[in-house]
Amino acid sequence: MNKATTKTACVKKIPPKNQQDWQAMYADWAKEAPEGPLKRFYEAGMIAAQIPLKDTPLLALDLETTGLEPSQDEIISLGLIPLNHQTIRCQGAKYWMAKPERSLNAESVTIHEITHTELAEAPRLEAILDDILEALTQQVVVVHCVSIERQFLLEASMKIYGYPLYFPVLDTMDIERQVMHRPWWKRFGQPPSLRLDACRQRYKLPRYKAHHALTDALSSAELLQAQMAYHMDLDADIASYWV
Amino acid sequence: MDVELTEILDALCQHAPFDDIADDPQLHDMSKEVEIQYVRAGEWVIAPSALNNALFFIRSGAIEVLSKENKMIRRMNEGELFGYFSLLRGGKSSQAMRTIEDSLLYRIPARWFLKFYEENDTFSDFFELAREVRLRIAMDSQSSDVSLMTCPVVSLLRRQPISTDQSSDIRTAAQIMTEHRVSSLLITENDELIGIVTDRDLRTRAVAQGLSYDCPISSIMTHDPIIMDSGDYASEAVLKMMERNVHHIPIIKHGRPIGVISTGDLIQKESHGSVYLISDIYKQTSIEGLKNISRKMTHTFTQLVLADANTQMIGNAMSHIGTAFVKRLLKLAEEKFGPPPVPYCFIALGSQAREEQTIKTDQDNALILSDKYDPEQHGDYFKALSDWVCQHLDDCGYDLCTGDIMASNTRWRQPLKVWKGYFSDWIQKPKAEALLHLSIFFDLRGIYGDKTLAKQLNRHIRQEVKQHSGFLTYMARNANQRKPPLGFFRQFVLDGGGKQSHTFNLKERGIAPIIDIVRVHALACGSDKLNTLERIEDIEEAGLLPDGRAKDLALALEMIGMVRIRNQKEQIEAGEEPNNQVNPENLSSFEKRHLRDAFHIVSRQQEFIKFRYAGKRS
């Protein structure tokens, strides 16, 4: 993998003046957060903004939920898998199931392939969120569609710790949107799909069964590797990409 | 907390060899340690001469395998594995791997590969066989750590050939050799190789003779030197050097010299093996000495099997050893009984003629005498010589032929004209029963004496067959006598009866039928080759078989032959007498599957020749 390959359409880098200072924000939140796991999470801090993309510790994440509304619906499973531009390490993969407060409706059961029995035996989210926080410590999270995943975790944290959980993210959907960006004179017909599976097919990645948190985390990890190989500058600061 | 990615295990288990070991619980642990990597088209996965520490699985995409010379060896697709060659050799990679499509690769840590390879026969068989099948291809690119037996001469070449035009004078030639520090110089005429000059030639033919240094180099060169093709095995180079007492052989590719191989190159390569056995044979001056060497044969055989030699190489080596014994004995016989009163040629028949001998063979031989032969005058000499040679071949482990097809039998010790008569008779008035025992006469090679006698006889045979195509009908029918041991549902059918009730005979029921089939086609297309694989090449070229069928035969022969050789090696190691009987229960599932396929090919091709050479009467 030592041969330099020309990158085609590039993902726009966030200009320095618009970059978030995550280290500073973590420091502030560490002071405010209540004693306990969340405080420790912020106290551990975030990596420096100048770390190049290729050296950044990345962690692909996916959630399965009872619905699409972060304020009402609940997390029922969460998968994590670590990666960098060269390797996705299955050995570091993690997976949790959480028993929701309200019972599942039949519809979401069929989507998730998680059964009532499996969930009935799972712990509540508050019993595992500590472990999840520990896994996320000092990692840059990779998700497909930041607005949903980050919001669900923020809501859960508000409910359990009474303080928000917030962290920097590389969003494969947003990256793909930029890559697919077409000037107005070419915007005829259907815009290309940004669904995870559709994005993967553009990079000739194999098709997986969707809707298992760990498989979907793996899916977005592979997608990010492909995007990095094609469109991203591995030597650029992580601050140019995280949101 | 360890979690399992079912996607990964499922993908692996859809392909060999993992599908065969899918119920091994350790696979789950292995899948947890898989690493995944997306690689764009056109990038190195294993860069040239890089160290490798993983077994790669192609989840999607495609890879090309490149030799050291950056030549594409083959393409691999989804579901295939690579990197195991280097893992089996401690990580050193002789081939480089590059993506030719965007690919998603799984990296399985080396320790898991080695663990399964050691613990699970089904798993290791897969790689063993993959190795076998790909050996030929792989040999092109491996040059460092294979033995002399398994590497082509081209891999030993270290530099471009140094040459000069034939009009150069001796001084210029010597200066070129000094400048390039070579001990031999190729002599060309219009870029065609016409001769070779060595250090020794300069010494003995120029300096010692007091020749003027202004003489043309062509005056001291060896004309039309012995050459070899770039694809020939290094072992053959050694044999040629010893037989002809030369130290340099130019290597030719597409008619042009691409280098010179010297004894030094070969000696550096290997210090033991069959070639040294042969040189030992030629040095012996007594029967006792030859008998001692013959006891090392089994060791040489097992060494060859261990060195990953394929059946073709082993057959080649064992036949050369057999031939060396014959030649040495005849030399000793001529010393004992005096020089022959008329020219003669000692001929090998059957497997030795085809260069396909294995460890345990009877002797099948005969003598062609010059037509000047007079039984009154010369009969006693050749009888004494033949009896003596055949008897001592028996002492050296080549048992007397039970069918009495030996030079010691008067019927098979005849002048050329009588031999021609024999063959004309067999070919013009074929009798099925008689022909059954005569097929080995159609594999006939002169190995000592006046070899033109054997050549003339072979030419006579080809001409007769050409004019009497009805003969092929009989040969085709005979080639259908021995059927592969496959039942209706493709299960193995055992020989039954007595000691061998749990086995079947691989030679009788697999190898011999293939040889018979190939011989019929070879006679039909007028091929002058004797080796079965070489005959198959001629048959393919002549277009006698539908596309791909000729290759099928070669593969089936290799597959059955390999099982036989492995089986013989195991018999030797268990202290038993090696034979051709195999118990299918001792075979791995992989070997069984492929053996079945091979037998199936034989059955179909037997059917085919029945129709192909049906003749007028049937």
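Leaving aside its neighbours within four places in sequence, B:Pro225 is in contact with B:Gly195, B:Ile196 and B:Pro250. In this predicted model, B:Pro225 sits in the loop between strand E12 (222–223) and strand E13 (228–229) of chain B. B:Ile196 is 29 residues away from B:Pro225 along the chain, but the C-alpha atoms of the two are separated by 6.4 Å. Is B:Pro225 buried or exposed? B:Pro225 counts as buried because 22 other C-beta atoms lie within 10 Å, and the cut-off for a buried residue is 20 or more.

Of the contacts in chain B with a separation of 6 or more, 72% are between residues 24 or more positions apart. Chain B has 618 residues, and 42% of them are buried. Its secondary structure consists of 23 helices and 21 strands.

One of these strands is E8 of chain B, which covers residues 103–109. Six of the seven residues in E8(B) are buried, so the strand is mostly covered. Two other strands of chain B pair with E8(B). Strand E1 (residues 35–39) is antiparallel to E8(B), with five bridges between them. Within this pairing, B:Tyr38 has B:Leu104 in E8(B) as its bridge partner. Strand E3 (residues 54–60) of chain B also runs antiparallel to E8(B), and six bridges join the two. Here B:Ala54 stands opposite B:Pro109.

Strand E1(B) has a link to the other chain as well. Two bridges join E1(B) to E3(A), and the two strands run antiparallel. In this pairing A:Ile88 is opposite B:Ile36. How many residues are in contact between chain A and chain B? There are 26 from chain A and 24 from chain B. On the chain A side, strand E3 (88–89), strand E4 (94–97) and helix H9 (213–231) each supply at least two residues. H9(A) gives the most, with eight residues. By type, the residues on this side of chain A are 14 nonpolar, seven polar and five charged. For the complex, the predictor gives an ipTM of 0.88 and a pTM of 0.49.

A helix of chain B shows how burial can be arranged around an axis. Helix H18 (residues 451–467) of chain B has 17 residues and reaches 25 Å from its first C-alpha to its last, close to the 24 Å expected at 1.5 Å a residue. Its buried residues include B:Leu453, B:Ala454, B:Leu457 and B:Ile461. These four lie on the same side of H18(B) because they cover an arc of only 95° around the axis. The general rule is that an α-helix has 3.6 residues a turn, so residues three or four places apart point the same way. What do the buried residues of H18(B) pack against? They pack against strand E16 (344–349), strand E17 (365–369), helix H16 (416–428) and strand E19 (444–449) of chain B. The exposed residues B:Arg459 and B:Gln467 are on the face of H18(B) turned away from its buried side.

A last point is the confidence of the prediction. The mean pLDDT of chain B is 85, and 91% of its residues reach 70 or more. Over residues 132–146 of chain B, however, pLDDT stays under 50. For that stretch the model has 26 contacts beyond four places in sequence.

Methods. Residues are numbered from 1 along each chain as its sequence is written. Chains are lettered from A and ligands numbered from 1 in the order in which they are written. This is a predicted model: local features need pLDDT of at least 70, side-chain atom pairs count only at pLDDT 80 or more; totals for chains, interfaces and linings use all residues. pLDDT is the predictor's confidence in each residue, from 0 to 100. Two residues are in contact if their C-beta atoms, placed from the backbone, lie within 7 Å. A residue is buried if 20 or more other C-beta atoms lie within 10 Å of its own, exposed if 12 or fewer, and partly exposed in between; C-beta atoms are placed from the backbone. Two strands pair if DSSP finds at least two bridges between them. Ala, Val, Leu, Ile, Met, Phe, Trp, Tyr, Cys and Pro count as nonpolar, Asp, Glu, Lys and Arg as charged, and the others, Gly among them, as polar. The expected span of a helix is 1.5 Å times one less than its number of residues. The arc is that of the directions from the helix axis to the C-beta atoms.
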